[in-house]
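Dear colleague,

I am handing over the structure we spoke about, and below it you will find my notes on what came out of the analysis. Please read them with the model open beside you.

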Amino acid sequence: MKLITIDLDGTLLGTDGKISPANVKAIQKAEEAGYKVSISTGRSRHDTEEILKQAALKLPITTGNGGETYQENERLFSFTLSNGLVHEIIQLLEANDMYYEVYTKDGIKADRQKQEIIYKEMQALEHASEEKKKWAEYALYLIGSQHGVIPTTGLSKLDYTDEGVYKIFMLSFDEDKLREVHRVLNARTDIALTASGEENLEVSHQDAGKGNGLKLLANHFNVSLENTFVLGDSMNDYSMFQVAGTSIAMENAIDELKALSSRITKTNDENGVAYAIENYILP
């Protein structure tokens with residue numbers, strides 16, 4: 001058996017946030033050929049499940065950048081943050097007036113009133129390039145279109161002991177603010193820090209990460225790492241590109257990922273996943 005693991009945003013999903021019929025067909029073709037296909041994403045479990053449901057796909061999923069792995073309704077692996085650690089990070093984000101969301105076993109806890117922070121930061125982009133403005137609007141769209149969001153106020157006052165927190169997501173269009181928070185978090189050794197875009201940061205358990213998620217899932221299916229294929233586009237895909245047998249970067253991927261990849265396929269809006277499966281994997 002061989003394992004194909006695919007990222008969602010910027011990879012399997014087009015900019016419309018959906019899985020194209022061509023990509024669905026290619027995944028089904030791979031499954032029919034005996035490949036096990038899975039998803040590895042920074043998104044939440046509930047969000048990922050809904051996206052796959054809309055495409056009529058049932059695949060194993062690793063969510064929250066390796067925080068949780070599910071096969072259908074069975075949780076195979078989970079790496080959660082302690083209540084104390086969650087509060088330390090939230091305290092930092094509150095002090096820096098940062099928008100953030102807490103990913104829990106029941107869904108994404110988000111205080112929508114804090115979106116005012118993002119709106120103010122976007123106003124400051126008045127003199128930025130049109131490309132940056134467009135990307136900021138798209139990032140805001142992604143937040144608003146998530147499934148499984150639990151509107152919650154007073155995030156800093158909650159007890160997260162039994163919440164099963166597996167990721168904390170933060171977003172800012174203020175480069176100085178983002179740089180400062182990154183500096184503080186990057187100095188810690190008890191978390192895993194990554195990003196799925198220039199305007200965000202994502203904190204997970206120190207043993208999480210897409211690379212470790214790939215190792216665990218391959219072992220679960222008794223597949224050697226040399227028989228694994230991964231597709232991705234951003235920094236949070238880097239760790240699985242380091243361990244996979246074959247790594248395929250999207251044409252729209254960051255340069256660091258392209259440099260590490262075995263192959264480069266078309267963009268996410270050109271059905272790059274389908275092209276890679278049909279031309280680089282199945283042959």
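Arg75 counts as partly exposed at 43% relative accessibility, where partly exposed is the range between buried (under 20% relative accessible area) and exposed (over 50%), computed with a 1.4 Å probe on protein chains only. Its side chain meets that of Glu68 in a salt bridge, 3.3 Å from N to O, a salt bridge being a side-chain nitrogen of Lys or Arg within 4 Å of a carboxyl oxygen of Asp or Glu; Glu68, for its part, is buried at 1% relative accessibility. Please bear in mind that this is a predicted model, in which local features need pLDDT of at least 70 and side-chain atom pairs count only at pLDDT 80 or more, while totals for chains, interfaces and linings use all residues. Residues are numbered from 1 along each chain as its sequence is written, and side-chain values use heavy atoms, with hydrogens and water left out.

Across the whole structure, the search finds 17 salt bridges. One of them joins the side chains of Glu94 and Lys114 (3.2 Å, N to O); because Glu94 lies in helix α4 (residues 83-95) and Lys114 in the loop between β7 (107-110) and α5, the pair ties together parts that are 20 residues apart in sequence. Helices (H or I, at least four residues) and strands (E, at least two) are DSSP runs, numbered from the N terminus. Glu101 forms a further salt bridge with Arg112, with the closest N and O atoms 3.4 Å apart, and this pair links strand β6 to the loop between β7 and α5, 11 residues apart. Glu101 is buried at 1% relative accessibility, whereas Arg112, at 27%, is partly exposed. Salt bridges with shared partners also join Asp7, Lys210 and Asp237 into one network.

Thr41 lies in the loop between β2 (36-40) and α3 (45-54) and is buried, with a relative accessible area of 1%.

In helix α5 (residues 115-123), the buried residues are Gln115, Ile117, Ile118, Glu121 and Met122. They pack against β6 (99-104), α6 (130-144), β9 (167-171) and α7 (175-186), while the face turned away from this buried side carries the exposed residues Lys120 and Gln123.

Key:
Contact means heavy atoms within 4.5 Å.
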